[in-house]
Number of protein chains: 2
Amino acid sequence: MSVLIVGSTALDSIKTPAAANPRLLGGSASHAAVAASFFAPVRMVGVVGDDFPKRYLALYRKHRVDLTGLQIQTGKTFHWAGEYEVNMNNRRTLLTELGVFEQFTPHLPELYKRTPYVLLANIAPALQHHVLDQMSRPKFVVADTMDLWLNIALDDLLRLLRRIDGFVLNESEAHQLTQDDNLASAFKKLHRLGPKYVIIKKGSHGSVLSGPNGNFICPAFPVRKVVDPTGAGDSFVGGLMGYLSTARGTVESNLRRAMVYGSVVASFCCEGFGVNRTTRVQRRDIEKRVQELQKLTRF
Amino acid sequence: MSVLIVGSTALDSIKTPAAANPRLLGGSASHAAVAASFFAPVRMVGVVGDDFPKRYLALYRKHRVDLTGLQIQTGKTFHWAGEYEVNMNNRRTLLTELGVFEQFTPHLPELYKRTPYVLLANIAPALQHHVLDQMSRPKFVVADTMDLWLNIALDDLLRLLRRIDGFVLNESEAHQLTQDDNLASAFKKLHRLGPKYVIIKKGSHGSVLSGPNGNFICPAFPVRKVVDPTGAGDSFVGGLMGYLSTARGTVESNLRRAMVYGSVVASFCCEGFGVNRTTRVQRRDIEKRVQELQKLTRF
């Protein structure tokens, strides 16, 4: 089955201690769409300006991403620039030019409205609401977020949590939202806000799922050399939703493996700038790392 | 088979946001000995003053810890006081009175010298060396350490690493020692320093083993309420060595499960002040959590 992915589509200029790469393909929807494409047909909704490089449109197409929902508007594409320190957990934003993204309203093509799996990738909660308003009975809706929305759009986000099945956030966001350092009690509080499934991402420490059938401690695939972690979280949730949408059986029975697949795609994402590494991955490379993770965690 | 445990034996006065508990049984050897005692006979070497409460000697005996190697000297027992913040990853030392520990020299009773499994719990590397000098062909030697020794006794520690089979340290210590943020390359550098097995502890994120047969990502048992994390690392390595010493088969084939058992004992340690919770644990409680960890990590 198809996955609908709505989020940001951007150009990222990224500096690390090792290199600087201007105007890479970036944005939550781009990373998630490439990640999901290894498993399922992807329908993407986003906006770019008329400066958006043709080669990036070709790259989406290479991943068979349905671009009917991609708006190309007069103006500049959302441009973000950031710099990582030696410890890549620390980064600072150098520039944020919203461009056409500032006025973005996600319009769903008619065909998209019946997509069974919906990923509301990181984007303003009001826009995530607007997507759900247009959907016709989706099977499984997952939303990602970021600290910015907790700070400036908390009410919208809290309303959204009552409309989704799964919520993905990172450890510090979970702490900010629940005021709780303990994962077990943070999960309880997050479930009370609405979502049946909650996944807390912990970067290189993996992720943890809390759902009706209990918790799952999902390992991160150990990356030998982190080149650029931008988009790893988006790749994780993109891979997760892609896998989930094509697996037989129930969401509950497939979610653990879906997380592992997401974790593996995220590991590839970290190994190159932007989507440079991810886009060169073959399904067999993914399967190999999933098997390695089996070996790494078996006892 | 027996485990020899050498380390500090202390009185810990611990404050948390919830409570204050003076003069608890503490020290790396105490925590490790109690943890190991669930699996194997323990021989302990340490020193206490003549102020050491009789009830703590009784507590060691309750855990069938062989105290032939415990020196009781005229003077005061090592007393440490510390205070935890709401986020229990942050603590500060309020007081360190070394007492009789200042002049401690670990003398091994004759019988101890042939103990097959040796845990050099956290203590000055010079004393860890002194223990090894007295041993007769131990089967498996593991050393723990702390940041203090990296700062003031690095040469001794580096010499020690060439004499042991397994080295256990936490993530920040691994970073300090290798100047490497990446776990994979930090492991490489640590192996080059000597030990065949390296275990990096990551607190509530679990631990990772690197050894000849590859790596193992060991989960932490999710603790619902952390009361006092003091001694969790000592309990982990104590439980690990206790399990290892009684398991059939090779070290390599048992080390993963040994880490899981250590992780479970450490989870109990965090649930009470000092060893209050650990000492009330039954072997079946441990088995239950090991099974839970199986369920929590299976995919």
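Trainee: In strand β10 of chain B, how many of the five residues are buried?
Mentor: Bear in mind that this is a predicted model, and that a residue counts as buried when its relative accessible area is under 20%. Strand β10 of chain B, which spans residues 166–170, is mostly covered. The number of its five residues that are buried is four.

Trainee: Which residue of β10(B) does B:Val142 stand opposite?
Mentor: Strand β9 of chain B, residues 140–144, is joined to β10(B) by three bridges, and the two run parallel. Within β10(B), the residue that stands opposite B:Val142 is B:Gly166.

Trainee: How many bridges pair β10(B) with strand β11 of chain B, and which residue stands opposite B:Leu169?
Mentor: Strand β11 of chain B covers residues 197–201, and β10(B) pairs with this strand in the parallel sense over five bridges. In β11(B), the residue opposite B:Leu169 is B:Ile200.

Trainee: Turning to the rings, what is the angle between the planes of A:Phe39 and A:Tyr243?
Mentor: Over all chains the count comes to 20 aromatic pairs. One of them is formed by A:Phe39 and A:Tyr243, with 6.0 Å centre to centre, and this pair is edge-to-face, with an angle between the planes of 80°.

Trainee: Where along chain A do these two residues lie, and how many residues apart are they?
Mentor: A:Phe39 belongs to the loop between α1 (28–36) and β4 (42–49) of chain A, whereas A:Tyr243 belongs to helix α8, residues 232–246. The pair therefore links distant parts of the chain, with a separation of 204 residues.

Trainee: Why is the pair of A:Tyr243 and A:Tyr261 called stacked?
Mentor: Planes under 30 degrees apart count as stacked, provided that the ring centres lie within 6.5 Å. The centres of A:Tyr243 and A:Tyr261 are 4.3 Å apart, and the pair is stacked because the planes stand at 15°.

Trainee: Is A:Tyr261 buried or exposed, and what is its relative accessible area?
Mentor: A:Tyr261 lies in helix α9 of chain A, residues 251–270, and is 18 residues apart from A:Tyr243. A:Phe39, A:Tyr243 and A:Tyr261 form one aromatic cluster, in which A:Tyr243 is buried at a relative accessible area of 12%. A:Tyr261 is buried as well, and its value is 3%.

Trainee: Over which ring does the charged end of A:Arg289 sit?
Mentor: In chain B, B:Arg55 lies over the face of B:Tyr56, at 4.7 Å from the ring centre. The charged end of A:Arg289 is 3.9 Å from the centre of the ring over which it sits, that of A:Phe268.

Terms used: Residues numbered from 1 in each chain as written. Chains lettered and ligands numbered in written order. Predicted model: local features only at pLDDT ≥ 70, side-chain atom pairs only at ≥ 80, totals over all residues. Heavy atoms only, no water. Phe/Tyr/Trp six-rings, centres within 6.5 Å; stacked < 30°, edge-to-face > 60°. Buried < 20%, exposed > 50% of the residue type's maximum accessible area, 1.4 Å probe, protein only. Lys NZ or Arg CZ within 6 Å of the ring centre and 35° of its normal. Pairing = 2+ DSSP bridges.
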